[in-house]
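Here's a quick tour of side-chain contacts, written for someone who likes to know the cut-offs. Have a look at the model first.

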Amino acid sequence: MSSFWLHPRAATACPIAVEDTFGPVVNHECKDGFDFTLYFEETVLTLPVTLFFLFWALPRIYHLRQQTIKVQGGYRYFVKLGGYALLAVLQLTLVGLWAAPSGKTTRATIATAVVSWLASIVFGVLSHYEHICTIRPATINCGYLFLSSILSLAETRTLYFLEKNREIAVVYTVTQCIKVVLLITETMSKRSLLRRNYRDSPPESTVGILGECLYCWLNPLLMLGNRVDLTVELLPPIEDSLRSTGQGESGLHALWRKDPNRNSPHSLLWACCRYYLVPILLGVVPRALQVAFTFAQPFLVEATTTWVASNELTHPKAQGYALIGAFGIIYTGIAVSTAFAHHQAYRVVSMIRASLVDMLYSHVMVMRDIDVETSAPVTLMSADMERISGGLHYIHDAWACIVEIPIALYLLWRQLGVASIAPIIVVFICMAMSLLISGLAGPRQQVWLEAIEKRVDITAKVLGSVKGVRTAGLTDKLFNLVQTMRIEEVVKSEKFRRLLILVVGVAYSNVTLSPLASFTIYALIARHKGDETLTAAKAFTSLTLFTLLATPISNLVEAATGVATAIGSIKRVNEFLQSDPRRDDAHEPRGTRSNISIPASVLSSALTEMGVVYDGKGMSVVEGVPSISSREKLPLYYEVTGPVFVAEGRSAGWEESKPAVVQDLTFEIHRGTVTFVVGPVGSGKSTFVRTLLRETPIFSGGLKADPDSIAYCSQTPWLTNNTIQENILGESLFDLRWYNTVIDACALYDDIRKQPDGDRTMLGTQGAILSGGQKQRVVCFFLLTLTSSSFHG
């Protein structure tokens, strides 16, 4: 094999006149007709690739010069710079050897050599900036070195067959070896060399393009999972673009909110397309490469079957070795391009999902609490998000299948002629069915999701009132109610599930019907005309094409259904986001912050009873209070002076058709005071508190509010399914002595001591293990840990 590659034979050598033609292959007298011409290799395989990456590298260098240094050198830095310097010297040597009178060149040889020499210098400069200013390997350098090393193999072989050109061939081979060494060095991760501020970067952001294609960044996680049980704490961080923060307004939210057509049914869908256009387009190239590698298979199968059926004189053994290499390249390309295309699709899905969850959370925070009592947000964040994630990963399959089907039909027509009409008819039927299914999927899914939402809402309310249900003896009745709603949900899902069955039937009908019908028609036509029947090459190629045709048809039906359901769920999210938020007309410029305490005339005696001494300058906690926890650091209590609420002629109600519940209220509530609102049942006490919170949909008159935040305990306390301690603290930091003091003031000491795990006892759903009074005291304790104005409704 080595002699075939490195030692030319006089009988197979080609004169430079033949090599200076476009070809692309030489004639049969030269190298047994098994080689590209040198001119074709230079103008198609070398020069375009070099120019593409060269023009990409120049603006990248300008961009990186403005970035901060992120890497602390390392020996690989000097290895890379030395390698590029040696590569530039060898490329310049090649220019001299080609330009010498003895050099045998084509019309493009000198130009290609000069461009390659310039590229080695530019890529050396780029490697310097990529190494010190980025946390991941150089994408441009890795791409150039990988492609040029692969595509230059043909030219290396050709140079050894040129007469009196041995020195050039040897130097050219050495340059390819240096490129391989540089490629290995460039692809190595720089995580151990990163500066302190960048060492916690996500693993995916510290690998290069080749590492992403081969999923090298997952290997440490897989090995860790092989050794220990994975927990959330052991998982590596993810990129900011892939997670929801729950803080502030996301970029997608801002773009959607500024859209003048925001109230249209699909405004959120178009906003997603515009905002994530670049990540979506990044998945087009690998998906297109997947199509190209996939449809190289029938040509490869045809060439292989033809070579097997022939003798060695017409098809030499070298062609067999080439076919083996072609199989390796094509199937490796299919695997890598498929993995990378799916990876990019799921990245887009994760980004969209994170932004939509952020938008839902932000909108829930500004809605009236009576509007959030339904389970619509829960359903949107669970069932709808699941369907969006499951449907949008077909985002590239939808257009790729439309491209693949005509290509497969055309290739089938070349093989079978008129007999290929059978799969064409099947294809049109399947495409028509997919359009019909996609049109029905959205409405039927919406009916199902609304039934799920209704059943989840009722179930949550029943679980939150288990004690009352048992006391009233309504267990069986409510069980039957929930069970009936579940049955109705299943009944309403039947139409959508029947669509899914139809999807499977349509998707796989082509696999069964098309080959049988096509081969039958072909055989009948061949018998009628007396032509040759199916050859082995034609049969195997046609079977390959039938498989390639069946795959996009089935994927198209699934993609159409998946994308339609995802669009329907995004529409539901859009409608929810378009619902009216809480109308907040209370505003007042903030006073000057000061780190002062509550006035002594108001709360001094109350604080003393709780174990706190007030000395006119601040508060201190009495020593000796028993400890039942172990956490620390209560935040400082910040206050501003002036009234908290000022109302002038304020009226509020719940329905426009009915009179206001509270009318013409004029009052002031000052900071540091304790205010009681008394009145008979139904007089509007709760509505008054809701008025201060701006939770009533109908209101008039003026209301100015100044607190940064308001803590509110409703008549039905809201508790999470967590420990007593976590319910008390929420997100607040606290001091151990203050924590114990307020526990004593809220009369919770004995209640907590009686629990099996103290304040680390789990409360259950909505505080199921506590009585009504205990729930109220736990929430009051929580309010006292906050630096805010508090209301008890």
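Is Arg-572 buried or exposed? Arg-572 is buried, since its relative accessible area is 10%. For that call, buried is under 20% relative accessible area, exposed is over 50%, and partly exposed is in between (1.4 Å probe, protein chains only).

Before going further, the ground rules. This is a predicted model, so local features need pLDDT of at least 70 and side-chain atom pairs count only at pLDDT 80 or more, while totals for chains, interfaces and linings use all residues. Residues are numbered from 1 along each chain as its sequence is written, and side-chain values use heavy atoms, with hydrogens and water left out.

**Salt bridges**

A salt bridge here is a side-chain nitrogen of Lys or Arg within 4 Å of a carboxyl oxygen of Asp or Glu. That rule gives 13 salt bridges. Three of them look like this:

| Pair | N to O distance |
|---|---|
| Glu-239 and Arg-347 | 3.1 Å |
| Arg-572 and Asp-384 | 2.9 Å |
| Arg-498 and Glu-494 | 3.5 Å |

Back to Arg-572: it sits in helix α22 (residues 536-577) and its partner Asp-384 in helix α17 (residues 376-392), so the bridge ties together parts 188 residues apart in sequence. Asp-384 is buried as well, at 0% relative accessibility. Helices, by the way, are DSSP runs (H or I, at least four residues), as are strands (E, at least two), and both are numbered from the N terminus.

Arg-498 and Glu-494 share helix α21, four residues apart, or about one turn of the helix. Arg-498 is exposed at 52% relative accessible area, and Glu-494 is partly exposed at 35%. Shared partners also join Glu-204, Glu-239 and Arg-347 into one salt-bridge network.

**Aromatic rings**

Rings of Phe, Tyr and Trp (its six-membered ring) pair if their centres lie within 6.5 Å; planes under 30 degrees apart are stacked, over 60 edge-to-face, and the rest tilted. The count is 13 aromatic pairs. One of them is Trp-448 with Phe-496, tilted at 40 degrees with 5.7 Å centre to centre. Trp-448 is buried at 10% relative accessibility, and Phe-496 is buried at 6%.

Phe-667 and Phe-688 make another tilted pair, because their planes are at 55 degrees, with centres 5.2 Å apart. Here Phe-667 belongs to strand β4 (residues 662-670) and Phe-688 to helix α24 (residues 685-692), 21 residues apart. Both Phe-667 and Phe-688 are buried. Elsewhere, Phe-52, Phe-53, Trp-56, Phe-123 and Tyr-144 form one aromatic cluster.

Charges sit over rings too, which takes NZ of Lys or CZ of Arg within 6 Å of the ring centre and within 35 degrees of the ring normal. Arg-107 lies over the face of Tyr-39 at 4.2 Å from the ring centre, and Arg-262 does likewise over Trp-256 at 5.4 Å.
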